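Thanks for coming. I will talk about pockets and then cores, and I will keep it brief.

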Amino acid sequence: MPYPITLKKKSIPFDEHVILDFPIGRLPSGTSIEVAVHVFQAKEPGPVLLVIAGMHGDEINSIEIVRRGLTSGLFTDLQRGAVIVVPLLNVFGFINFSRDVPDGKDVNRSFPGSAKGSLAARVAHLVTKELLPMADVVIDLHTGGSSRYNYPQIRYSMRSDVARELAGIFGASFMVHKPLIAKSLRKSASDLGKVAIVFEGGESERYDPFSIHEGLAGLRRVLFHTGLSTQEEKLREVVNIQHTSWVRAQAAGLFLWAHASGDKVEKGQLLGNIHDPQGRAEFKVISPRAGHIIGHNNAAVVSIGDALFHLGWS
Ligand SMILES: [Zn+2]
């Protein structure tokens, strides 16, 4: 890794908090849009960590985790290495309360991106061209979708020993093996020889104080146990999940859960009920296997086939 870090053709000074704005486009109104990138760099060379929030513009917990990290001094006084922080990558999605950019494309399915491609590809290109070459390790922060709650968890590929180790250090309640998805940041980072893990916590458009706390604690653990920071956070036990599957609604109606994310369940256990709103019928939702609930659906009204509980097991 070149050290010190060079961004926008400038060498980043040591022991200073630098904020760089990368122009990414304009709104139809003519307003220019920039992505802010914070850089913290110690004199002593060491691993360079890239932390990205808000790749999906409505995933507010990720943005709040990074904001609190920045304002609480989580990344200052580094002992070695550097941290590059993107507090809000998808400014367009954020403005529109949307996961995607205005044309409906998903930035995390547009990597490595291109300078003259769709808007999502241009946002991805900024990361691939400017930021990824400077980083050793990427932590990409996300939440579940609308009404889909994710219990705090790290997603990693078990094909990478370093990713597995980092997932364990981060110390979210679950570490979940997920193969690399084509055109995702994780895949692009891996193609460039970098290590990337994804944090998931809570659901979109909604604060989840527990997930925000877990995300901050995880970042603190990674910074401390890689020797970047002296702010201590102890390691802890993590449940390693290698397989996942959704329990789906076998009937439509009003969904009331008896178990929620984080719970350990046995095969045959009652997970919830779906009620016919006219009071004629009730359907039990039964766990098809033993495992942990790593995510659940908060929707009150469900259709047949809807994903209700995300079960994980090792
Ligand atoms: Zn996301």
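Which residues line the second largest pocket? Before I answer, please note that this is a predicted model. The lining consists of Lys8, Phe22, Pro23, Ile24, Ala115, Arg122, His125, Leu126, Lys129 and Glu130. By type, that lining has five nonpolar residues, one polar and four charged. Strand S3 and helix H3 each supply at least two of the lining residues, and H3 gives the largest share, five residues. The space in this pocket is about 190 Å³.

Now the largest pocket, with about 440 Å³ of space. Its lining has 21 residues, and nearest the centre lie Arg99, Arg109, Arg155, Ile181 and Glu200. Two or more lining residues come from each of strand S7 (137-144), strand S8 (148-156), H5 and strand S10 (195-203). The lining divides into eight charged residues, nine polar and four nonpolar.

In soluble globular proteins, nonpolar side chains tend to be buried together. Here the largest nonpolar core has 39 residues, and the ones with the most contacts inside it are Ile5, Leu7, Leu50, Ile84, Leu89 and Val107. Elements that give two or more residues to this core include strand S3 (17-26), helix H3 (119-131) and helix H5 (185-191). H3 supplies the largest share of the core, six residues.

What does Leu50 touch, leaving out residues up to four places away in sequence? Its partners are Ile84, Val86, Leu131, Leu132, Ala135, Val137, Val138 and Ile139.

Terms used. Residues are numbered from 1 along each chain as its sequence is written. This is a predicted model: local features need pLDDT of at least 70, side-chain atom pairs count only at pLDDT 80 or more; totals for chains, interfaces and linings use all residues. Side-chain values use heavy atoms; hydrogens and water are left out. A nonpolar core is a set of buried Ala, Val, Leu, Ile, Met, Phe, Trp, Tyr and Cys residues joined through side-chain atoms within 4.5 Å. Buried means under 20% relative accessible area, exposed over 50%, partly exposed in between (1.4 Å probe, protein chains only). Helices (H or I, at least four residues) and strands (E, at least two) are DSSP runs, numbered from the N terminus. Contact means heavy atoms within 4.5 Å. On a 1 Å grid over the protein atoms alone, a cavity is a set of points where a 1.4 Å probe fits but cannot get out, and a pocket is an open set with protein on both sides within 12 Å along at least five of seven lines; lining residues have an atom within 4 Å of a point. Grid points are joined across faces, edges and corners, and a volume is the space filled by probe spheres set on the points. Ala, Val, Leu, Ile, Met, Phe, Trp, Tyr, Cys and Pro count as nonpolar, Asp, Glu, Lys and Arg as charged, and the others, Gly among them, as polar.
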